[in-house]
Amino acid sequence: MKKHLLLLTAALSCGLFSYAQVSFGVKAGFSLAGMSSKNVITDNTPYEANTKTLPAFHAGIIADISLAKNFSLQPGLFYSAKGAKLHQITTGPADETEKVVSTARLNYLELPVNFLYKRALGPGKIFAGFGPYLAYGVGGKIKTEYEHYASRESEVKFENKEDYAAGITYVKPFDAGANFIAGYELKMGLLFSVNYSLGLTNTSPYESETQKNHYLGISVGYLLHKHK
């Protein structure tokens with residue numbers, strides 16, 4: 001009886017995947033990574049840091065699951081580099097004005113799940129969609145350069161820990177938000193896309209600080225199509 005149930009489950013699973021037309025592929029590209037950063041200073045006044053984008057990259061695997069004629073679900077797993085340059089003006093030890101530039105490079109394993117609408121156009125399909133993403137930090141470094149003092153580099157530890165240990169900067173391990181995507185997919189499986197990833201969670205564990213990731217990505221990928 002158990003053997004029959006296993007065979008039936010396997011048959012149903014094969015039938016479902018055949019019906020859904022699941023395709024697998026790879027995808028990689030260039031990112032312009034940025035970050036919104038706000039701090040609360042001593043008089044409880046919020047201060048927004050001047051941030052600049054950083055060139056970065058992303059690469060990983062995707063699955064394309066056909067749901068209906070023009071709709072599909074496209075989850076993926078990516079190694080994604082994020083971060084930003086933060087420009088600040090502070091007061092030095094001798095009460096002088098000090099310009100500080102911090103370059104944060106953060107690396108994540110990211111799982112986006114996009115709901116896509118596809119429509120035939122020319123030799124392929126145009127597509128657009130959106131969905132959530134969840135990311136987990138795996139490493140990073142922050143380099144801080146001063147106008148009058150020697151620069152220093154700190155290691156990023158992805159822990160929800162509000163501590164100021166020398167040479168270590170703590171960042172919350174999880175990042176989550178929304179992803180918006182559009183592109184073009186050729187019948188042979190080659191695809192091109194542009195996406196915007198908007199972080200909605202605060203990644204800083206420090207009470208006086210709020211930081212959220214975002215990036216604009218341009219990608220090239222290839223889907224190995226499965227035909228009925």
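Is Lys82 buried or exposed, and at what relative accessibility? Lys82 counts as buried because its relative accessibility is 4%, below the 20% limit for that class. The model discussed here is predicted.

**Salt bridges at Lys82**

- The model contains four salt bridges by the rule applied.
- One of them joins Lys82 to Glu110, with the closest N and O atoms 2.8 Å apart.
- This pair links distant parts of the chain, since Lys82 belongs to strand E5 and Glu110 to strand E6, 28 residues apart.
- Lys82 and Glu110 are both buried.
- Asp175 also forms a salt bridge with Lys82, and here the closest N and O atoms are 2.8 Å apart.
- Asp175 lies in strand E10 and Lys82 in strand E5, so that this pair connects distant parts of the chain, 93 residues apart.
- Asp175 counts as buried because its relative accessibility is 0%.

**Salt bridge between Glu185 and Lys118**

- The side chains of Glu185 and Lys118 form a salt bridge with an N to O distance of 2.9 Å.
- Glu185 in strand E10 and Lys118 in strand E6 are 67 residues apart, and the pair links distant parts of the chain.
- Glu185 counts as buried because its relative accessibility is 6%.
- Lys118 is likewise buried, with a relative accessible area of 6%.

**Surroundings of Glu185**

- The side chain of Glu185 makes a polar contact with the side chain of Lys118, at 2.9 Å.
- When neighbours within four places in sequence are set aside, Glu185 is in contact with Lys118, Gly124, Lys125, Phe127, Leu190, Leu191, Leu223 and His225.

**Second largest pocket**

- The second largest pocket has a volume of about 400 Å³.
- Its lining comprises 21 residues, of which Gln21, Lys118, Lys125, Glu185 and His225 are the closest to the pocket centre.
- Strands E4 (54–66), E5 (71–91), E6 (97–121), E7 (124–146) and E10 (174–186) are the elements that each give two or more residues to this lining.
- Strand E6 provides the largest share of the lining, three residues.
- By class, the lining consists of five nonpolar, nine polar and seven charged residues.

Note on methods:
Residues numbered from 1 in each chain as written. Predicted model: local features only at pLDDT ≥ 70, side-chain atom pairs only at ≥ 80, totals over all residues. Heavy atoms only, no water. 1 Å grid on protein atoms, 1.4 Å probe; cavity = no way out; pocket = protein on both sides within 12 Å on 5 of 7 lines; lining within 4 Å. Points joined across faces, edges and corners; volume = space filled by probe spheres on them. Helix = DSSP H or I, 4+ residues; strand = E, 2+ residues; numbered from the N terminus. Nonpolar A, V, L, I, M, F, W, Y, C, P; charged D, E, K, R; others polar. Polar contact = N/O pair within 3.5 Å; in protein donor to acceptor, adjacent residues only side chain to side chain. Contact = heavy atoms within 4.5 Å. Buried < 20%, exposed > 50% of the residue type's maximum accessible area, 1.4 Å probe, protein only.
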